[in-house]
Amino acid sequence: MNNFLKQSWAGLRILLALTVLLGVLYPLSVWGVSRIPGLHANAEAVDTTLVAVPREGDRYFVPRPSAATLPASGGSNKSEINEDYTKVVAERRTAVAQREGVPESQVPQDAVTASASGLDPHISPEYAALQVPRVARASGLPVERVRELVAAATSGTFTTTVNVTALNRALDSAR
Amino acid sequence: MSPLAAGLLQVGILVAALSVVYRPLGDHMARVFTAKRHLRVERVIYRIGRINPDSEQKWSTYAYGVLGFSFVGIVLLYVIQRAQSLLPFDFGRGNVPEGMAFNTAISFVANTNWQSYVPEVVMGHAVQMIGLTVQNFVSAAVGLAVAIALVRGFVRHQTDRLGNFWVDLVRGVTRILLPIAFLGAIVLIAFGVTMSLKSGVDVDGQTVANAPVAGQEVIKELGTNGGGVLNANSAHPFENPNEWTNLIEIFLILVIPVALTRTFGQLVGDKKQGYVLLGVMGVIWTAMLGVIWAAEANGIRPLEGKELRFGIPGSAIFADATTGTSTGAVNSLHDSYTGLGGGATLLNMLFGEMTPGGVGTGLYSILVMAIIAMFLAGLMVGRTPEYLGKKLGRREVTAAAVSILAMPTVLLIGAGIAAILPSTQAALNNPGEHGLSEILYAYASASNNNGSAFAGITVTSDWFQSSLGLCMLFGRFIPIIAVLALAGSLAAQKKVPVTAGTLPTTGPLFATLLTGSIVLVAALTFVPALALGPIAEALL
């Protein structure tokens, strides 16, 4: 017991020293480096397109469903064998099909499933293509122009995705 | 690019990157724990601790050091959380409630980083930095120190000294974790990870929480900790914004546990001893990746709980890495995985976190399993088993058995009680077999110090906070005490000369024995429980 107390006392002193190093100096140094102009915008998420929140109106592309309650992030955590949730997904499919005026079989997976973060900025090229006619109609832009904007918001090395946030901002300035 | 090609390419890049750093990092770590000189910053820390860095400790003093350091770590982290409202950058989030602070304090000190809290509404930046970030570093360094002490048990002969815990701890921080973390943080920021002292950022009219993410993100992965700065963890675009940060983060998770096999080979003077461990780790890890990937690719709702930018391969690789090490960070929600895929992530933990396991913990766990494997082999041929020139007698095998059995014991007791408590039903997010899997996963995660979750389960009740807290505590420190006792009794022995009857521990026979032992111990212990949860669900 004596030895335990002796070691704990040394431990407390060392922990406090390490707290200054790792809990104050380290994060503030990283923060300091992040103020370098090239890094600063990333660090503060200025005008970020990393996350998507839904925008009001048919003239915008709709991101994936979200189970998050902002400002917190998060997903549904629902399993495949959860029948209540299967109904929710089916309702989403019907709603998307109606909104876009297509048969339910054309609605892609990402349009009806919630992402892990609830902030996923991306949709699949298929889901984007599905939304083009409605967005063109509601925004008064030619379909070709909307397709160009979708193409400009499409990227990815391993998985090709369309960034909804960037796309909707591009629609704002195209108007 | 087809998903198959994309996945294989990502695995290829990962393996290539790990191979490049394997030798230099492994050799560097070996030098760190054998060097005689102290850095200036280290001398300052030793002076503050009033310890003599050139004295060495017996195994018991070494263990008291680990326990004492972790004990004050828990107390300090509890106090910091309970006093959050006195600290800056708390954004009115208030003091963390008692049960939550208790659970979180143990969780971060035990390198588990199980999170019963939603960071965006509970933890301010000051607690994240001076409390959680610090334990992200030092809990990893503790694991590293214990692994090195065990290796010294094999390397040294007829001595009762295992090294100095404080020196091993501090050097792990100053010479390994901190330099890599600092560089890594800057790389992550350059790739888009955020680092803000503000509470949030406006995105198209809504506020999304922000935090000093990069600094904690990097050590969260590098130290195989896993506690998300934000609730969605590495699925959050601020923590893991794109395909490249995803690969970097998986690399960070794997790099130290993998390179430690090289360190081990260096220290015992036979690099092949390390390669064979790496081979066993790699075989199991790759097999589990195949299962998770294939299962998820064939799911009914494969994209539920996954981020589109990672796709299925990018999610499966991360899931395999985070559960095969004791990290527990997630870039997708394992709760929404298929019965088979989610079951595989669970099984990865039930192997005892040694494929390749956490920082330090992975190495000492697989060495303990190697002792069990040699003991079993000895029984088969009727010879006293040996490993690395040391006899495995009653003391050694007992210590190894205690170390291996601690985790299943606390896991099954905890999960068993939780399963029969009437209040548990309301805490579950999914019905049937999957509900049982949520319970099993929670206790497996806590007892193995992993920290990931089938996160639908609500674990804020006093029962869950305290029982999972105790599982993390016992799952961490019983094996550590047993491993240090083992190291002590190994170091006290003479070296046994190699004879014609010595089973070589660098060849395929040993690798097969070790792989078999890992799989068998997990299977014998957990098949009944798995059959009722994930296996039943997969067969539905």
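Quick definition before the numbers: axes here are lines fitted to C-alpha atoms, for helices over the stretch in contact, with angles running from 0 to 180 degrees between N-to-C directions. Helices (H or I, at least four residues) and strands (E, at least two) are DSSP runs, numbered from the N terminus. This is a predicted model, where local features need pLDDT of at least 70, side-chain atom pairs count only at pLDDT 80 or more, and totals for chains, interfaces and linings use all residues. Residues are numbered from 1 along each chain as its sequence is written, while chains are lettered from A and ligands numbered from 1 in the order in which they are written.

So, chain B: 18 helices and four strands. Its C-alpha atoms fill a box of roughly 75 × 60 × 50 Å along the principal axes. Of its 540 residues, 64% are buried, meaning 20 or more other C-beta atoms, placed from the backbone, lie within 10 Å of the residue's own.

Now the pair. Helix α16 of chain B, residues 432-447, and helix α18 of chain B, residues 508-539, have axes that come within 8 Å and cross at roughly 125 degrees. That makes α16(B) oblique to α18(B); under 35 degrees would be roughly parallel, over 145 roughly antiparallel, 65 to 115 roughly perpendicular, and oblique is the rest.

Who's touching whom, counting C-beta atoms placed from the backbone within 7 Å? From α16(B), it's B:Glu433, B:His434, B:Leu436, B:Ser437 and B:Leu440. From α18(B), we get B:Ala529, B:Leu532, B:Gly533, B:Pro534, B:Ala536 and B:Glu537.

Key:
Contact = placed C-beta atoms within 7 Å. Buried ≥ 20, exposed ≤ 12 C-beta atoms within 10 Å, placed from the backbone.
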